[in-house]
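Work through the exercises below with the sequence and the 3D view side by side. Try each task before reading its solution.

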Amino acid sequence: MRFDAVAARLFADYSRSRLQDWIKRGFLTTDGRARRTSDKLVGGEQIVLVLPPDAMADTWEETWANGAAAIEAQAMDIDIVHTDEHFYIVNKPVALVMHPAPGNRTGTLMNGLLHLEPGLRHVPRAGIVHRLDKDTSGLCVVARTLKAHTRLVEQLQARSVSREYLAIVIGDVPDAGTIDEPIGRHPKDRKRMAVVRSGKQARTHFSVLERFDAAALVAVKLETGRTHQIRVHMTHLGFPLLGDPVYSRRSSDQQIHKLDNNDLSEFGRQALHAQALGLMHPDDQRVCEYTAPPPADFNHVLQILRADAANKV
């Protein structure tokens with residue numbers, strides 16, 4: 001049987017065209033090597049699928065193209081910072097996925113939004129304008145009308161939406177700086193992103209707010225919005241985010257976890273929070289700004305770092 005036909009049976013959550021694309025790009029292999037979509041398999045081969053970094057975005061678009069009616073509406077508590085007839089500002093908690101994808105069809109923000117407002121089925125992506133990683137907390141905007149969605153997306157594309165994050169990074173980071181390096185898929189590890197010459201333009205600004213013994217609290221502003229941009233850029237500079245399961249070097253985290261009060265070893269996510277969001281109102285174009293304080297786990301880490309730094313003065 002053809003490789004792509006076998007893949008379509010084994011990975012039924014994905015369309016055949018998507019699987020064919022991943023075969024061509026080397027994300028779907030047999031016996032550890034890349035094959036053509038038309039190659040014949042005879043049985044007994046080991047087939048491995050390594051999801052590319054953009055898999056979530058790809059399947060999101062695919063799911064929406066196949067009809068939002070298939071997405072289940074679910075009741076859930078949504079922390080809404082602002083609402084008017086045009087958009088919501090949502091404070092997303094840690095561990096909440098933004099939208100359904102294979103293996104994660106329910107329990108997402110999109111499921112909750114469709115229960116909150118069934119009319120969002122008629123707005124692209126149920127109104128979600130931009131995404132946050134599962135384990136990144138903080139603010140995101142959700143359009144309630146097609147007009148608002150169009151105008152907010154245009155602002156993102158024009159880079160006029162202001163997005164500021166708080167991050168805890170490991171190491172003696174400079175007081176401030178700008179990282180202007182292109183981001184694309186890692187040439188050897190296809191599950192990660194990296195600074196690569198062939199990548200898309202990415203620009204990140206940062207400034208130190210508070211220093212600790214072996215880490216710092218930094219404010220980060222995005223000029224572009226690439227996948228994992230802050231995590232990739234800060235790691236490229238040599239200052240990975242505390243707790244980042246993908247980009248932080250184990251030796252870096254161990255440097256922090258040697259504190260006398262070693263509670264930080266249980267902080268199992270990247271220390272990243274979207275604290276401020278600024279945009280032009282999609283109806284009357286007035287400037288709107290919103291903020292959200294970091295969640296309890298983020299603040300707990302800061303308390304430990306501050307106590308450790310004070311003990312060493």
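## Exercise 1: The opening helix

Helix α1, which spans residues 3-10, has Phe3, Asp4, Ala5, Val6 and Ala7 as its buried residues, where buried means under 20% relative accessible area, exposed over 50%, and partly exposed in between, with a 1.4 Å probe and protein chains only. The model is predicted, so local features need pLDDT of at least 70 and side-chain atom pairs count only at pLDDT 80 or more, while totals for chains, interfaces and linings use all residues. Residues are numbered from 1 along each chain as its sequence is written, and side-chain values use heavy atoms, with hydrogens and water left out.

Task: find what covers the buried residues of α1.

Solution. Begin with how elements are assigned: helices (H or I, at least four residues) and strands (E, at least two) are DSSP runs, numbered from the N terminus. The cover over the buried residues of α1 includes α2 (16-24), β1 (28-30) and β2 (47-49).

## Exercise 2: The chain as a whole

Task: state how many helices and strands the chain has, and what share of its residues count as buried.

Solution. First, the elements amount to 8 helices and 13 strands. Next, 50% of the 313 residues of the chain count as buried. Then turn to contacts, meaning heavy atoms within 4.5 Å: among those between residues at least 6 apart in sequence, 66% join residues at least 24 apart. Finally, the accessible surface of the chain is about 15,100 Å², and 47% of it belongs to carbon and sulfur atoms; such areas come from the Shrake-Rupley method with a 1.4 Å probe, and for residues only the protein chains shown count as cover.

## Exercise 3: Cysteines

Task: determine how many disulfides the chain has, and decide whether Cys140 is buried or exposed.

Solution. A disulfide is a covalent bond between the sulfur atoms of two cysteines. The rule applied here asks for a pair of cysteine sulfur atoms within 2.5 Å, and by this rule the count is 0 disulfides. Cys140 is buried, at a relative accessible area of 0%, and Cys288 is buried as well, at 6%.

## Exercise 4: Salt bridges

Task: locate the partners in the salt bridges of Lys221, Glu181 and Glu210.

Solution. Side chains of opposite charge can pair when their charged atoms come close. A salt bridge is counted when a side-chain nitrogen of Lys or Arg is within 4 Å of a carboxyl oxygen of Asp or Glu, and the whole structure holds 19 salt bridges.

Step one: Lys221 pairs with Glu164 at 3.9 Å, N to O. This pair links distant parts of the chain, with Lys221 in strand β11 (residues 215-222) and Glu164 in strand β6 (residues 162-170), 57 residues apart. Lys221 is partly exposed at 44% relative accessibility, whereas Glu164 is buried at 19%.

Step two: Glu181 and Arg197 form a salt bridge at 2.6 Å, N to O. Glu181 lies in the loop between β7 (176-180) and β8 (183-185), and Arg197 in the loop between β9 (193-195) and β10 (203-211), so the pair ties together parts that are 16 residues apart in sequence. Glu181 counts as partly exposed at 22% relative accessibility, while Arg197 counts as exposed at 64%.

Step three: Glu210 meets Arg306 at 2.8 Å, N to O. Here too the pair links distant parts of the chain, since Glu210 is in strand β10 and Arg306 in helix α8 (residues 296-311), 96 residues apart.
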